[in-house]
Amino acid sequence: MEFKKIVSPTLKEIFIEHIQTMILSGEIRVGDPLPPERTISQQMGISRSVVNSGIIELERMGFLEVRPRVGTFVADYRRKGTLETLKAIMRYNRGRLREGEIRSILQVRDSLDRLAISCLIQDNPDYDLSILKEKAEAIGSAPTGSAAALAAFEFQHELAIASGNSLLPLIFRSFYSSILSLWERFCDLHGIQKLYAVSITLYEYIERKDIEGANAWLLLCTQDVIHGSSRIYY
């Protein structure tokens, strides 16, 4: 048995996570000014260099806007954000997402799956579908909800790879922790076999090269999780 080395977060990482939490929780809002770096440093008991480097990183991620000789302000991360911003949102509250966030993730995931299926069927006919089927079957044979959730993610990630679109797998990977959390909750509430049925049915549409049927199935499943009997909201 091999144990991984435990690495403590740096003060900069702690500072960044603290400011992200204040923004995402609404404690500080878009347009709000941050105190001067000296004040933040004194109040938090950290050096100004940590505060300064953390602010630079938060600006890069789309959470803050630094206006020279004016101050630092909370940015509208929906307009300024990047994939790094998305990853931070996914990590927020340890992946425990609220209703609106879950709905948003499912709607985006549905759109990504639709694109992946269309690209796979129309543009990548040489892809070996047995790989995708194996990923789907792994969901049904998973011994636990956690294992089934991981298998479901691997199935969807493989679908993104199979599309031939080089960006789709990277985008989908950014949802990793939150999608695992959602599918674990789905298994807890509705069972592993229901999650398996969703994926294997989708695979069967793909195998038949039925884009319209696959899209209709995706829409039905997404709506069921958002509004129907398979809700997974906290």
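A crossing of two helices is called left-handed if the near helix is turned anticlockwise from the far one by less than a right angle, and right-handed if it is turned clockwise. With that in hand, let us walk through this predicted model, starting with the helix pair α11 and α12, whose crossing is left-handed.

**Overall layout**

The protein holds twelve helices and two strands. Along the principal axes, the C-alpha atoms occupy a box of roughly 65 × 40 × 35 Å.

Two packed helices are described by the angle between their axes and the distance between the axes.

| Helix pair | Angle between axes | Distance between axes |
|---|---|---|
| α11 (residues 192-207) and α12 (residues 211-226) | about 160° | 8 Å |
| α7 (residues 129-140) and α11 | about 165° | 8 Å |
| α2 (residues 37-44) and α3 (residues 48-60) | about 120° | 9 Å |

Let us take α11 and α12 first. Angles over 145 degrees count as roughly antiparallel, and α11 and α12 are therefore roughly antiparallel to each other. On the α11 side, the contact uses Lys194, Ala197, Val198, Thr201, Leu202 and Tyr205, and these meet Gly213, Ala214, Trp217, Leu218, Cys221 and Asp224 of α12. By residue type, this contact of α11 with α12 splits into eight nonpolar, two polar and two charged.

Helix α11 also packs against α7, at an angle of about 165°. The pair α7 and α11 is therefore roughly antiparallel, and α7 passes α11 in a left-handed crossing. From α7, the residues in contact are Leu129, Leu132, Lys133, Ala136, Glu137, Ile139 and Gly140; from α11 they are Ile192, Gln193, Leu195, Tyr196, Ser199, Ile200, Tyr203, Ile206 and Glu207. Sorted by type, the residues of the contact of α7 with α11 are ten nonpolar, three polar and three charged.

What is the handedness of the crossing of α2 and α3? That crossing is right-handed. Glu37, Arg38, Ile40 and Ser41 in α2 touch Arg48, Val51, Asn52 and Ile55 in α3. The contact of α2 with α3 divides into three nonpolar, two polar and three charged residues.

**The β-hairpin**

Now for the strands. Strand β1 (residues 64-67) and strand β2 (residues 71-74) run antiparallel and are joined by four bridges. Three residues lie between the two strands of the hairpin, where Arg69 adopts a positive phi near 65°.

**Aromatic pairs**

A pair of aromatic rings is described by the distance of the centres and the angle of the planes. How many aromatic pairs does the model contain? The count comes to four aromatic pairs. In the pair of Phe153 and Tyr176, the ring centres lie 4.9 Å apart with the planes at 85°, so the pair is edge-to-face. Phe153 belongs to helix α8 (residues 145-162) and Tyr176 to helix α10 (residues 176-190), so the pair ties together parts that are 23 residues apart in sequence.

Note on methods:
Residues numbered from 1 in each chain as written. Predicted model: local features only at pLDDT ≥ 70, side-chain atom pairs only at ≥ 80, totals over all residues. Heavy atoms only, no water. Pairing = 2+ DSSP bridges. Axes fitted to C-alpha atoms, helices over the stretch in contact; angles between N-to-C directions. Parallel < 35°, antiparallel > 145°, perpendicular 65-115°, else oblique. Contact = heavy atoms within 4.5 Å. Nonpolar A, V, L, I, M, F, W, Y, C, P; charged D, E, K, R; others polar. Phe/Tyr/Trp six-rings, centres within 6.5 Å; stacked < 30°, edge-to-face > 60°.
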